[in-house]
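Visitor: I am new to protein models and would like to learn how to read one. Could we go through it feature by feature?

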Amino acid sequence: MNTLDTSSLAGSRYLELPYKIVLMRDKRKGSRPWLATVEELPGCEARGDSPEEATHALRDEMAAWMAGALEEGRSIPRPRNAPEAASARLTLNVPKTLREGLVQAAVREGLSLNQLITIALAGTIRWRPAAGDSNGRWIQARAENLINLDNPPRPGLRQALMLNAVLLGFVAVAALTVLIVALANGF
(Lines give C-alpha, C1' and ligand atoms only; values in the text may rest on other atoms or scores of the structure.)
Protein backbone atom coordinates (compact mmCIF):
# COMPACT_ATOMS: atom_id res chain seq x y z
CA MET A 1 0.00 0.00 0.00
CA ASN A 2 1.16 3.52 -0.72
CA THR A 3 2.24 5.48 2.32
CA LEU A 4 1.26 9.09 2.53
CA ASP A 5 3.51 11.84 3.74
CA THR A 6 1.52 14.04 6.14
CA SER A 7 2.67 17.09 4.24
CA SER A 8 0.86 15.77 1.14
CA LEU A 9 -2.31 15.75 3.22
CA ALA A 10 -1.79 19.35 4.37
CA GLY A 11 -3.64 20.80 1.38
CA SER A 12 -6.12 17.95 1.27
CA ARG A 13 -9.83 18.52 0.97
CA TYR A 14 -10.27 16.45 4.14
CA LEU A 15 -8.62 19.13 6.24
CA GLU A 16 -11.03 21.73 4.85
CA LEU A 17 -14.14 19.81 5.92
CA PRO A 18 -16.10 21.22 8.88
CA TYR A 19 -14.97 18.85 11.63
CA LYS A 20 -16.13 19.70 15.14
CA ILE A 21 -13.18 20.91 17.20
CA VAL A 22 -13.54 20.90 20.98
CA LEU A 23 -11.25 23.19 22.96
CA MET A 24 -10.82 22.64 26.70
CA ARG A 25 -8.64 24.06 29.41
CA ASP A 26 -7.08 21.31 31.48
CA LYS A 27 -7.18 22.28 35.17
CA ARG A 28 -4.37 19.87 36.08
CA LYS A 29 -0.89 21.27 36.49
CA GLY A 30 1.04 20.99 33.28
CA SER A 31 3.11 22.90 30.82
CA ARG A 32 0.46 22.95 28.08
CA PRO A 33 -2.96 23.62 29.61
CA TRP A 34 -5.06 23.87 26.44
CA LEU A 35 -6.35 20.72 24.72
CA ALA A 36 -7.95 20.72 21.27
CA THR A 37 -9.64 17.54 19.98
CA VAL A 38 -11.55 16.57 16.85
CA GLU A 39 -14.82 14.94 17.87
CA GLU A 40 -15.10 12.73 14.77
CA LEU A 41 -11.45 11.53 14.83
CA PRO A 42 -10.92 9.46 18.00
CA GLY A 43 -7.59 10.20 19.64
CA CYS A 44 -6.82 13.18 17.41
CA GLU A 45 -5.73 15.89 19.81
CA ALA A 46 -3.13 18.59 20.33
CA ARG A 47 -2.02 20.67 23.30
CA GLY A 48 -0.84 24.25 23.50
CA ASP A 49 -0.05 27.10 25.85
CA SER A 50 -2.95 29.09 24.40
CA PRO A 51 -6.20 28.20 22.61
CA GLU A 52 -4.73 29.46 19.34
CA GLU A 53 -1.58 27.36 19.72
CA ALA A 54 -3.58 24.21 20.49
CA THR A 55 -5.93 24.66 17.50
CA HIS A 56 -3.02 25.48 15.20
CA ALA A 57 -1.16 22.33 16.32
CA LEU A 58 -4.36 20.33 15.83
CA ARG A 59 -4.25 20.82 12.06
CA ASP A 60 -0.93 18.92 11.88
CA GLU A 61 -2.35 16.21 14.14
CA MET A 62 -5.41 15.90 11.89
CA ALA A 63 -3.15 15.43 8.86
CA ALA A 64 -1.14 12.76 10.73
CA TRP A 65 -4.33 11.03 11.96
CA MET A 66 -5.80 10.95 8.44
CA ALA A 67 -2.53 9.77 6.89
CA GLY A 68 -2.34 6.96 9.45
CA ALA A 69 -5.93 5.95 8.74
CA LEU A 70 -5.27 5.82 5.00
CA GLU A 71 -2.05 3.85 5.50
CA GLU A 72 -3.95 1.30 7.61
CA GLY A 73 -6.79 1.10 5.09
CA ARG A 74 -9.32 2.73 7.43
CA SER A 75 -11.82 5.23 6.13
CA ILE A 76 -11.76 8.82 7.30
CA PRO A 77 -15.01 9.75 9.06
CA ARG A 78 -16.94 12.62 7.55
CA PRO A 79 -17.84 15.57 9.77
CA ARG A 80 -21.11 15.10 11.64
CA ASN A 81 -22.38 18.50 10.54
CA ALA A 82 -21.59 17.94 6.87
CA PRO A 83 -24.54 18.62 4.53
CA GLU A 84 -25.00 14.88 3.94
CA ALA A 85 -25.24 14.27 7.68
CA ALA A 86 -27.84 16.99 8.18
CA SER A 87 -30.45 15.00 6.29
CA ALA A 88 -29.22 11.60 7.46
CA ARG A 89 -31.79 8.93 7.96
CA LEU A 90 -32.20 7.33 11.38
CA THR A 91 -33.74 3.88 11.55
CA LEU A 92 -35.13 2.69 14.87
CA ASN A 93 -36.41 -0.74 15.76
CA VAL A 94 -39.06 -0.27 18.43
CA PRO A 95 -41.66 -2.64 19.82
CA LYS A 96 -44.99 -2.52 18.03
CA THR A 97 -46.83 -1.28 21.12
CA LEU A 98 -44.33 1.56 21.58
CA ARG A 99 -44.77 2.58 17.94
CA GLU A 100 -48.55 2.58 18.40
CA GLY A 101 -48.20 4.74 21.51
CA LEU A 102 -45.91 7.15 19.65
CA VAL A 103 -48.37 7.40 16.75
CA GLN A 104 -51.22 8.13 19.18
CA ALA A 105 -49.15 10.81 20.93
CA ALA A 106 -48.22 12.37 17.58
CA VAL A 107 -51.88 12.52 16.53
CA ARG A 108 -52.84 13.98 19.92
CA GLU A 109 -50.16 16.69 19.55
CA GLY A 110 -50.97 17.39 15.89
CA LEU A 111 -47.49 16.31 14.76
CA SER A 112 -46.03 13.79 12.40
CA LEU A 113 -44.37 10.76 13.99
CA ASN A 114 -41.01 12.08 12.76
CA GLN A 115 -41.59 15.46 14.41
CA LEU A 116 -42.69 13.90 17.70
CA ILE A 117 -39.63 11.63 17.91
CA THR A 118 -37.29 14.49 16.96
CA ILE A 119 -38.81 16.73 19.64
CA ALA A 120 -38.66 13.96 22.25
CA LEU A 121 -35.01 13.22 21.47
CA ALA A 122 -34.12 16.93 21.55
CA GLY A 123 -35.80 17.28 24.94
CA THR A 124 -34.07 14.22 26.33
CA ILE A 125 -30.59 15.60 25.71
CA ARG A 126 -31.63 19.24 26.19
CA TRP A 127 -30.40 19.98 22.68
CA ARG A 128 -29.73 23.57 21.61
CA PRO A 129 -29.89 24.53 17.93
CA ALA A 130 -27.18 26.39 16.08
CA ALA A 131 -27.56 30.16 15.75
CA GLY A 132 -29.86 31.11 12.91
CA ASP A 133 -31.53 27.67 12.79
CA SER A 134 -35.22 28.64 12.82
CA ASN A 135 -36.41 25.04 12.47
CA GLY A 136 -34.12 24.09 15.34
CA ARG A 137 -35.57 26.86 17.52
CA TRP A 138 -39.08 25.49 16.84
CA ILE A 139 -37.94 21.98 17.82
CA GLN A 140 -36.24 23.33 20.96
CA ALA A 141 -39.36 25.25 22.02
CA ARG A 142 -41.55 22.17 21.57
CA ALA A 143 -38.98 20.02 23.42
CA GLU A 144 -38.93 22.44 26.37
CA ASN A 145 -42.72 22.29 26.39
CA LEU A 146 -42.52 18.50 26.49
CA ILE A 147 -40.06 18.62 29.40
CA ASN A 148 -42.36 21.02 31.27
CA LEU A 149 -45.23 18.53 30.84
CA ASP A 150 -43.17 16.09 32.91
CA ASN A 151 -42.71 18.70 35.67
CA PRO A 152 -45.89 20.79 35.64
CA PRO A 153 -45.89 23.82 37.90
CA ARG A 154 -47.84 23.14 41.10
CA PRO A 155 -50.88 25.41 41.14
CA GLY A 156 -51.00 27.67 44.16
CA LEU A 157 -47.47 26.81 45.35
CA ARG A 158 -46.34 30.43 45.19
CA GLN A 159 -49.45 31.63 47.04
CA ALA A 160 -48.97 28.94 49.72
CA LEU A 161 -45.37 30.01 50.26
CA MET A 162 -46.38 33.66 50.56
CA LEU A 163 -49.16 32.80 53.02
CA ASN A 164 -46.68 30.75 55.05
CA ALA A 165 -44.26 33.70 55.19
CA VAL A 166 -47.04 36.07 56.32
CA LEU A 167 -48.17 33.64 59.03
CA LEU A 168 -44.61 33.26 60.28
CA GLY A 169 -44.39 37.04 60.47
CA PHE A 170 -47.56 37.22 62.60
CA VAL A 171 -46.29 34.45 64.89
CA ALA A 172 -42.96 36.27 65.32
CA VAL A 173 -44.73 39.56 66.18
CA ALA A 174 -47.03 37.76 68.67
CA ALA A 175 -44.07 36.01 70.31
CA LEU A 176 -42.20 39.30 70.67
CA THR A 177 -45.30 40.96 72.14
CA VAL A 178 -45.72 38.17 74.73
CA LEU A 179 -42.01 38.41 75.61
CA ILE A 180 -42.14 42.20 76.04
CA VAL A 181 -45.29 42.01 78.21
CA ALA A 182 -43.70 39.28 80.33
CA LEU A 183 -40.49 41.29 80.83
CA ALA A 184 -42.49 44.45 81.63
CA ASN A 185 -44.44 42.61 84.38
CA GLY A 186 -41.21 41.41 85.96
CA PHE A 187 -41.50 37.79 84.88
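**Reading the model step by step**

Guide: Start where a helix ends: α4 is followed by Gly110, whose phi is positive, near 70°. Helices (H or I, at least four residues) and strands (E, at least two) are DSSP runs, numbered from the N terminus. This is a predicted model, in which local features need pLDDT of at least 70 and side-chain atom pairs count only at pLDDT 80 or more, while totals for chains, interfaces and linings use all residues. Residues are numbered from 1 along each chain as its sequence is written, and side-chain values use heavy atoms, with hydrogens and water left out.

Visitor: How many helices and strands does the protein have?

Guide: There are seven helices and three strands. Along the sequence they follow the pattern α-β-β-β-α-α-α-α-α-α.

Visitor: How much of the protein is buried?

Guide: Buried means under 20% relative accessible area, exposed over 50%, and partly exposed in between (1.4 Å probe, protein chains only). Of the 187 residues in the protein, 22% are buried.

Visitor: Is Ala36 buried or exposed?

Guide: Ala36 has a relative accessible area of 0%, so it is buried. Its place is in strand β2. A contact is a pair of heavy atoms within 4.5 Å. Not counting residues up to four places away in sequence, Ala36 touches several residues, among them Ile21, Val22, Leu23, Ala54 and Leu58. The C-alpha atoms of Ala36 and Val22 are separated by 5.6 Å, although the two residues are 14 apart along the chain.

Visitor: Which residues touch the most other members of the largest nonpolar core?

Guide: A nonpolar core is a set of buried Ala, Val, Leu, Ile, Met, Phe, Trp, Tyr and Cys residues joined through side-chain atoms within 4.5 Å. The largest one has 16 residues, of which Tyr19, Val38, Leu41, Cys44, Leu58, Met62 and Met66 touch the most other members. Strand β2 and helix α2 (51-71) are the elements that give two or more residues to this core. The largest share, seven residues, comes from α2. As for Leu58, the residues it touches, leaving out those up to four places away, include Ile21, Val38 and Cys44. A second, separate core has eight residues, including Ala106, Leu111, Ile139 and Ala143.

Visitor: How many salt bridges does a search of the whole structure find?

Guide: Side chains of opposite charge can pair when their charged atoms come close. A salt bridge is a side-chain nitrogen of Lys or Arg within 4 Å of a carboxyl oxygen of Asp or Glu. The search finds three. One joins the side chains of Glu16 and Arg59, at 2.7 Å from N to O. Glu16 lies in the loop between α1 (6-9) and β1 (21-25) and Arg59 in helix α2, so the pair ties together parts that are 43 residues apart in sequence. Glu16 is exposed at 55% relative accessible area, and Arg59 is partly exposed at 35%.

Visitor: What are the closest N and O atoms of Glu39 and Lys20 apart by?

Guide: They are 4.0 Å apart, and the two residues form a salt bridge. Glu39 is in the loop between β2 and β3 and Lys20 in the loop between α1 and β1, so this pair ties together parts that are 19 residues apart in sequence. Arg74 and Glu72 also meet in a salt bridge, at 2.8 Å from N to O. Glu72 is exposed, with a relative accessible area of 57%, whereas Arg74 is partly exposed at 38%.

Visitor: Is Glu40 buried or exposed?

Guide: Glu40 is buried, with a relative accessible area of 6%. It lies in the loop between β2 (34-38) and β3 (45-48). Leaving aside neighbours within four places in sequence, Glu40 is in contact with Tyr19, Lys20, Pro77, Arg78, Pro79 and Arg80.

Visitor: How does Ser50 compare on accessible area?

Guide: Ser50 is partly exposed, with a relative accessible area of 21%. This residue is found in the loop between β3 and α2.
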